[in-house]
Amino acid sequence: MLGGGTMEQTVLSTLSGCLSQDSHIRKLAEQQLEGLASQHPDYPKCLASIVVTQTYPFAERQLSAVTLRKYVGDRWTGKVEQGILGVTTRDIPEEVKSSVRNLMIRGIADPTKQIRVISAYVVAQIAHFDFPEAWPNLFDYIIPALRSGDGDQVHGAMRVLAEFVRDDLTDTHFPYIAPALLPELHRIFADVNTHPRDRSRALAVFRDFSAMIYTVSEEHPNVISLYLDPVIPRWMATFKEILSFVETPAETVPVKHEILRTLCKLLKQFPKLMATYITEFLEPIWNHLVALQPQYVRERVNPDDDVIETEDVDSDGEILGFESLLYSLLEFMQIVAKKRHLRHFFSSGVSGAREAGQLLPQLVGVCLTYLQITAELQDTWVNDMNQYIQDDSDEALTFNIRIAAEELLMSLAEFYSQETLQAISHVVQAKLQESTQARAAGDVNWWKVHEACLLSVGRVSDIFIDGLQQQSFVFDMEGFFNHVVLADMRCNECPFLQGRSLWLSSRFAEILSDETVTQYMTAAVEALGPNVTNPAVKISAVKALQNFCGTLGPQSLIPFQAAMIQGIVGLTEAASDEVLALLLETLEMVIQVNKEITAQYVDPLTTMVLHVWNRNAEDYHLSEVVVDLFSILASNEMIAPRLQERMIPALRDVLQAENVHNMPSAVATALSLMTDLIKNAPEPFAPEYRSSVFPQVIMLLHTVTEDQAAILQNGQDTIRALVQRDFAGIAKWSHEGHSGLDLIVAFIAKLCRPNHSESAGIFVGDLINALIQKAGNDIMPVLPQILDAVLQKLAVSKTPSFIQQLVLVFANLFIQQTAGTLDFLSSVNVSGKSGLEIVLTAWAEQFTDFQGFLTIKLSAIGLTKVFETRDPRLNNIMVKGDEIVTSNKIVTRSMSQKKPQQFSIIPFPAKAIKLILVELQHQSDSQMGKLSTRGNYRDEDDGDEEGSWDDEDESEEWEDDFIGADPVMKGMMGDLGADELENLGKDNAEASNDPVYKIDLKAYLTEFLRTCAQTDMNSFSALCEQYLNGKEKEYVRVVLSG
């Protein structure tokens, strides 16, 4: 073995080689470094020594630290390694580990910041594996470093803490580190002579520590009183002292930002603990929001042209700008606004600082300041209309001060609707007057205040409209639109203001006069044409038309429909991604206004669809929008023949084998479009589908591999649609001695191969059910082959949704041929288990998670049919019963991983009764409008108590949930809810013809249970007595006595 010094020099020179610009030298050095790592136990010690030796070149030291960090992550625990010399397993000697730990502790105090930071990462990673068992004295180094007063040592120690507490701290570490660490964190934070970033990081570590306390508090409630209660008063006092100084120079921004982040976190996680402190912070935080307004307007909204805007960034790369502080200030006010016990602050002022009722109006005024478009946003939007659409949507994915102010304003409107409406009406009028004066004085940015006012009114339009209709407040809406908004709409030099006025008019269309609506709709339609060139106005016009179509009736829209179709289709030619999606989504609504008018534009619409699809075939999002639009077009019977004439050849051109790998998304989308054509094709069903489309699609699907899941999934839908429309024709078609049915069965067998992707075959159950339903007796010769393939797949399946698809095949068969299905399953053996055991076990485990109106009915009724057989073989099938509860403690995720849930084992007939009771409860809840307890629903509390004013008192008793059920609904479709009716559509046309679909499931299950009790079917009484729990027994009594 090489000597220590020689080895270190070898590693150093190898690292230098890794930094060479010569790729050949670099590659050889990297291979040599890997060999050293595998062969020499002292390798990590050499790396650590190089890191802390200040006389070595910086680049080699930094690379050594990065290499050591990776080495620790990969090999510290002595796991199997794959190196260039083969697979080796080598445990690092403890003396080497000890040396590395000691050396890297020196590294976190290195005078070079980059070395300190990466050394801290390495120390934290070693601690991940070694603390506290192998490195019990870690904090004997960290705490003195924090107390040293040396900037480098404090910085390095804080970086270690930040990494460790965020990623590795657990409740088992509390006793080791909390008593010494928490006071030190506060001391560093409170010390004004400490660097602001170290103060901020100390607070961040405390926040992460408190978050861990929150995480484990359910399992260990005493951790709050042990570790948090004693220190909170000291932290709160320091927070209050710092925030009492409203002036916020740049160096104080990081500290104040961390204070606000911590307060928001504590308010969410420990609302009761923070209740006594929250009022103390409302006044200083309000003062900061007010005080920062001039700076925000001066530096962000209307900066001087000759000022280059830069962001303050610290040495760690973190932004120190005051906008980060503003985010947290606005978030704090939003949290406080949702606190019921603080409601009086928004209606009676704060600590006498303002007149009663003035806080909320002033807060609305502050929101309008921060709602203004910044110069940066304006420049971004001018150059990128995609970003403009994203930022201006109701559910923007991006986040900025404007959006944060919007969210606060909308929270105020939600929780203080009347006060907020009054405040907005007064503040908007005052702001508009100020803006008018600024415009008269020559301020070119006057329009930004106008735009913010219109935005504020539009964002709370629903509450505004309710208030006006209920006459709970007064606002001259017609006058506002006829004077202010109309003037803004004509302000050609301010396109974002023009666009906002169009958008606002559409938000209030339902209460504006017909004349006013016509005026704004005309302007919006005209904006689509060539006379308006600004893209921001055009986009806003499209958004306005989308809102108009969602609000107004056909009679108001029909006069504009042709112009809207022409204008939108014209804009799609050169539109970018987000703009194109907006255009297509709006067009979806426009073409549904009047089918006759839409039919007049079938050719340009079809041309546009094909053009957009061809241009964006591999764009998943746009393809989905195209599919939605096409589905609406296909459902218009007035254009169906022409649509199919143009689309079928185009789709067949895409459905070629060579395109599966070249453009798979396009092939998947083509199948979706073809499915829509098939479902909506008029009668008589065109023979082209049977003779050309089916052969091409089924042959293509046989060549597609499981890695192309989207193609296989959509293909299953296409074949199912063909089966439902023309099974007889498909069955007669043949190719080389194989009928269409043979090819479909072979496709099903492919999807059900035990090693085939479950995702790729996720809809195979629907296809099989459609085949059974439509084929009738023709399916009988191949049905055993199909069912055997399904059983083989079910026996090894893991995905719940896929298992449900397969189980549903047998549920359907049990309804149609109960005895025959039972005999068949009992005769099949898969890996030592009967088919009956496989199906019933999977069914019992998945029953409560079935989704879909017809699916739930098929599953529940199929289960009753199995029970009604009274077959003794059912008693031999043992499945999971109730969970065995060994402790009354709340079980956290980590606890459940360490100790998995245990269940009793009961015979299937007993489980069937339990499941039927669950489904009957669900049906009762649905008819009464209650939130269902079906499936794995549970009311989860995320620790944030401000979600609602009202306290909910929901009884968990079976009988309380059952009271009020309507027995008159028996035999009727009473359990068909409004949402289910809405979602039916043509997709479920076949399903709605199924006799099971029309059954009132609640009445059916109630009658089933009563029959079981009266006839003691399957020893019903004994099963109930032995296997039902107390609530279930009580519920059975309620059902039987009802």
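1. Start with helix 32 (residues 602–615) and helix 33 (residues 620–634), which pack at an angle of about 160 degrees with their axes 11 Å apart. Axes here are lines fitted to C-alpha atoms, for helices over the stretch in contact, and angles run from 0 to 180 degrees between N-to-C directions. Helices and strands are DSSP runs numbered from the N terminus: H or I of at least four residues for helices, E of at least two for strands.

2. A word on what you're looking at: this is a predicted model, where local features need pLDDT of at least 70 and side-chain atom pairs count only at pLDDT 80 or more, while totals for chains, interfaces and linings use all residues. Residues are numbered from 1 along each chain as its sequence is written, and side-chain values use heavy atoms, with hydrogens and water left out.

3. Back to that first pair. Helix 32 passes helix 33 in a left-handed crossing (the near helix is turned anticlockwise from the far one by less than a right angle; clockwise would be right-handed). Helix 32 brings Leu605, Met608, Val609, Val612 and Trp613 to the contact, and helix 33 brings Val626, Leu629, Phe630 and Leu633; contact means heavy atoms within 4.5 Å. By class, that is nine nonpolar residues, no polar and no charged ones. For the classes, Ala, Val, Leu, Ile, Met, Phe, Trp, Tyr, Cys and Pro count as nonpolar, Asp, Glu, Lys and Arg as charged, and the others, Gly among them, as polar.

4. Helix 33 has another partner, helix 36 (residues 664–680): their axes come within 9 Å and cross at roughly 15 degrees. That makes helix 33 roughly parallel to helix 36. Their crossing is right-handed. On the helix 33 side the contact uses Ser623, Val626, Val627, Phe630, Ser631 and Ala634, and on the helix 36 side Thr669, Ser672, Leu673, Asp676, Leu677 and Asn680. This contact divides into six nonpolar, five polar and one charged residue.

5. Next, helix 23 (residues 446–459). At 1.5 Å a residue, its 14 residues should span 20 Å, and its end C-alpha atoms are 21 Å apart, which agrees (the expected span is 1.5 Å times one less than the number of residues). Of those 14 residues, 13 are buried, so helix 23 is largely enclosed by the rest of the structure. Buried means under 20% relative accessible area, exposed over 50%, and partly exposed in between (1.4 Å probe, protein chains only).

6. His450 is itself buried, with a relative accessible area of 8%.

7. Helix 27 (residues 514–527) has Ala523 in it. The buried residues of helix 27 are Thr516, Val517, Tyr520, Met521, Ala523, Ala524, Val525 and Ala527, and their cover includes helix 25 (477–489), helix 26 (495–507), helix 28 (535–551) and helix 29 (554–571). Ala523 has a relative accessible area of 17%. Not counting residues up to four places away in sequence, Ala523 touches Met489 and Leu502; Leu502 is 21 residues away in sequence and 7.8 Å away in space, C-alpha to C-alpha.

8. Finally, the whole protein chain: 53 helices and eight strands. Buried residues make up 53% of its 1042 residues.

Key
Angles under 35 degrees count as roughly parallel, over 145 as roughly antiparallel, 65 to 115 as roughly perpendicular and the rest as oblique.
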